[in-house]
Each structure stands twice: as structure tokens, then as C-alpha cells.
Amino acid sequence: MKPRFQSVPAAESIPIVVARDSCVADLNENKVDLVVGAYRTAEGEPWVMPFVKKIEQKMANDPKFNHEYLWFLGQDKFNTLAPRLVLGDRNPAILERRAFGVQTLSGTGALRMGAEFLVRHLHYKTIYMPSPTWDNHALTFHYSGFKDLHHYRYWDPARKGVNFDGMLEDVRKAPENSVILLHMAAHNPTGCDLTREQWTLVADVMEKRNLFPFIDAAYQGYATGDLDRDAWPVRYLADRGFELFVSQSFSKNMALYGERIGCLTVVLAKGRSEDATNILSQLTLIARATYISPPKYGAEIVTAVLSDPELMEEWKKCLRVMVDRVLSMRSGLRERLEKMETPGDWEYITNQIGMFSFLGLTPRQVEYIRIKHHVHMLSNGRANMCGLNDKNIDKVAEAIHDTVTKVHD
Ligand code: LMR
């Protein structure tokens, strides 16, 4: 028989896979892994939050727990509670039944399902994403059928902050019905969010140009430690009357990475709650054609938390632990670099928020720090601050000092 697959070319490499693979292959016992965006404890270990363990034990001992399918759009209670988390219980969109959720395979599943829906049913084809953004955004929208992928300016390397004028100028150029992808909180990879005033100005442009906000809420609670405060941009846009999609993930904020639990939250226009039925019927087909139904285990855990005030309090405490640890690592790193008089202005490390710092190292500097010092990060200079701890922070600061002193391009 004639082989048929020889024409398949190798796929382009994925930056995070390249960085992770070289970290795994590095056998140096003092290597430092700042690659993947996952929380690590002060001991450098993954964290199962105590309340999650408690729920898991309860599930394991519950004679009624089973592994039946969820139905296509996931667990009903989860679908009611997840939108409330991002919009707030008293949000008019919730009260007027103009907002609903669909359980997805984490945040990426929500992006993918929402994007496919926009292509199939509204014939959208143009998306504007921040530059830089999480590298999977472009791939997900492209594979969902978006044809015109653009980036709006977001990061200003000189000021090490948001290039807001550039952003506004680029968003203003977007044709009507373009999707504008926005990070709700703790922007990945820059760690720089818009101020409330800036959100207001972006909303003015989106409203005037009839653009569609798709908000990636992968880090609710991770920016400030406060779930409500981090969700302000979504609540603000919903209050202004935008129709919008939100991709929610519980990977980072509940450390349920491998359980693939997320939600596509849909907010409809004022007075249009009746559109929900048809939209849900179409999302059902997308889910059924893709994976039939989403996984149950993560949905059970998140639902247990969101429906129990005591567990909610325990979760909030855990969020605070994570955020405080990251903040202390940020200030520790900045302090050390300033003490060594490392060339550069390091204040931005503590100005940035969330899991990542965009250290501003060039690809050559990233390569140097990896080979010479066994410190691993993404080639764009994104470093996971949770990978730092008391045992490795001196080494990382000295490695950055050596790198920026010796490598200049
Ligand atoms: C990250 O940004 O590091 C994570 O979301 C994991 C990934 O695959 O990109």
C-alpha cells in the first residue's frame, strides 16, 4: 500500500514547549524553572490547596459519586455559578438572565468554543490581540476559523509598561465587528494591566466602532488577590451594555491545571435574554461535535467551592497566600538587583502584577542565562515569578546581573 503521510510537514515549534523541553533536559541540580505558568510553593512544589483536598476526600468517600457523563454543556450548577463569579451576584445581566455560562475545557476551551461560534454564526473573521499576548491566542483563533489576525500595540519596552496611546490608535483602526481580545487581569506575559480610566477609553472606542470584546479571564484573583476587584473590567463592560464573551479558567486561581475546568460566559444585550436559547442550542452542537461533554471532576470541585461560603473563604485565603508569595519574590528580586547596581531600572518588577514578570531580556540574553546559569524562561523574557523561592532567588538575581552586564544585544 502506498504511504500517504509523507507530505505532512513538521509543525512550527511552540515557544513554551521548546523552553520546557530544554529545562527538562538540563540535568544541573541547581537549575531554576521559570517557564510554565503554574504556581509553586516556597519549597518549589505544585500546590493542592487544602480545601480542594478536603473536597476530593469527600468525593472519594461519597457512595453516590460516580463517573457518569455530564451533559453536553457541562454541569448546570457550575454553569450558573461561574458567570456569577466573574459578573457578581447582583449584576443586572445575571438578574435579567442575560448572562449564562457553558462549561468548557478550561480557558482555552472557552476561547475555542466562543471563537468557533463567532465564525459559524456571526461570520466574524477578524481579531485584534495585544502585542504581546499568550502565544496560544493566535493559534486558537486561527484554528477556529478566524482569517485576519492582528495585534494591537500593548507593551512599551522603553517604559516597561502599557503603550496605551498605541493600543487606542490600533483598536480604532479595527473594522466593524472585529473581535478585540482583552486580558481581564494579570496580563500574560507582561504583568501590566490597564487602569480603570484606560478601560473606559477602550470601551468608548469599542462602542463607537461596534467591536466585540472577548475577555480572557484566566487569572481572576491573581492580580490583586481580590476576586471582585480583578473582575471589574468585565462588570464595567457588561454594565455599559456590551454583548461579550468571557473565557474563565480555574487552572491558575484554584490550581486545577490538569482538570481542564473553565467556562465560556456569554453576556447578551439589554432586553435580549430570549437569544440565550438559540445560542445555547448552537453551543451544544459545537461541544457535541468536539468532545461530547466536558470532564466532571474539576466541575465538582469548583461547584462545591462556589456554592459554599466557608469554602469560598478558604479559597480566598489561598489566593492571598499565592499573591503574597509572588509579591515578596518580586520585591526580593528587585531589591537584590538594585543592591548589586545591576544596569537598568528594576522598579517595574514590583509594578507588574500576577504570575509573570516580563524581564525585558533579549532572546540572546535568555539563551545566555539558560546555558551559563541554568535559569530557564520563555525566549521573550517572560519569567514565572512563582518559580522563585528563598533557595534560588540569590542565584537568579546574580544570573540576571551577570547576563545584562555581559550580553548587550
Ligand atoms: C502558560 O502561559 O505558561 C500556561 O498557560 C501554560 C501554556 O501552555 O501556555
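These legends describe close-up views of a predicted model.

**View 1. Helices H5 and H6 cross in a right-handed manner.** H5 covers residues 106-122, and H6 covers residues 136-143. Their axes come within 8 Å. The crossing angle is roughly 35°. From H5, the contact draws on Thr108, Leu111, Arg112 and Ala115. From H6, it draws on Asn136, His137, Thr140, Phe141 and Tyr143. By type, the residues of this contact are four nonpolar, four polar and one charged.

**View 2. Trp71 and Phe72 form a stacked aromatic pair.** The whole structure holds 15 aromatic pairs. In the pair of Trp71 and Phe72, the ring centres lie 4.6 Å apart. The angle between the planes is 25°. That angle is under 30 degrees, so the pair counts as stacked. Trp71 has a relative accessibility of 64%, so Trp71 counts as exposed. Phe72 has a relative accessibility of 15%, so Phe72 counts as buried.

**View 3. Trp155 and Phe358 meet edge-to-face.** Here the ring centres are 4.9 Å apart. The planes stand at 80°, over the 60 degrees required, and the pair is therefore edge-to-face. Trp155 belongs to strand S5, residues 155-156. Phe358 belongs to strand S11, residues 356-358. The pair therefore ties together parts that are 203 residues apart in sequence. Both Trp155 and Phe358 are buried.

**View 4. The charged end of Arg382 sits over the ring of Phe356.** The distance to the ring centre is 3.7 Å. Phe356 falls within the residue range of strand S11, 356-358.

**View 5. Lys296 lies over the face of Phe65.** Lys296 is 5.6 Å from the ring centre. The cut-off for a charge over a ring is within 6 Å of the ring centre.

**View 6. Gln198 is a buried residue of helix H8.** Helix H8 spans residues 196-209. The relative accessible area of Gln198 is 18%. This value is under 20%, so Gln198 counts as buried. Leaving aside residues up to four places away in sequence, Gln198 touches Phe164 and Asp193.

How values were computed. Residues are numbered from 1 along each chain as its sequence is written. This is a predicted model: local features need pLDDT of at least 70, side-chain atom pairs count only at pLDDT 80 or more; totals for chains, interfaces and linings use all residues. Side-chain values use heavy atoms; hydrogens and water are left out. Axes are lines fitted to C-alpha atoms, for helices over the stretch in contact, and angles run from 0 to 180 degrees between N-to-C directions. Helices (H or I, at least four residues) and strands (E, at least two) are DSSP runs, numbered from the N terminus. A crossing is left-handed if the near helix is turned anticlockwise from the far one by less than a right angle, and right-handed if clockwise. Contact means heavy atoms within 4.5 Å. Ala, Val, Leu, Ile, Met, Phe, Trp, Tyr, Cys and Pro count as nonpolar, Asp, Glu, Lys and Arg as charged, and the others, Gly among them, as polar. Rings of Phe, Tyr and Trp (its six-membered ring) pair if their centres lie within 6.5 Å; planes under 30 degrees apart count as stacked, over 60 as edge-to-face and the rest as tilted. Buried means under 20% relative accessible area, exposed over 50%, partly exposed in between (1.4 Å probe, protein chains only). A charge sits over a ring if NZ of Lys or CZ of Arg is within 6 Å of the ring centre and within 35 degrees of the ring normal.
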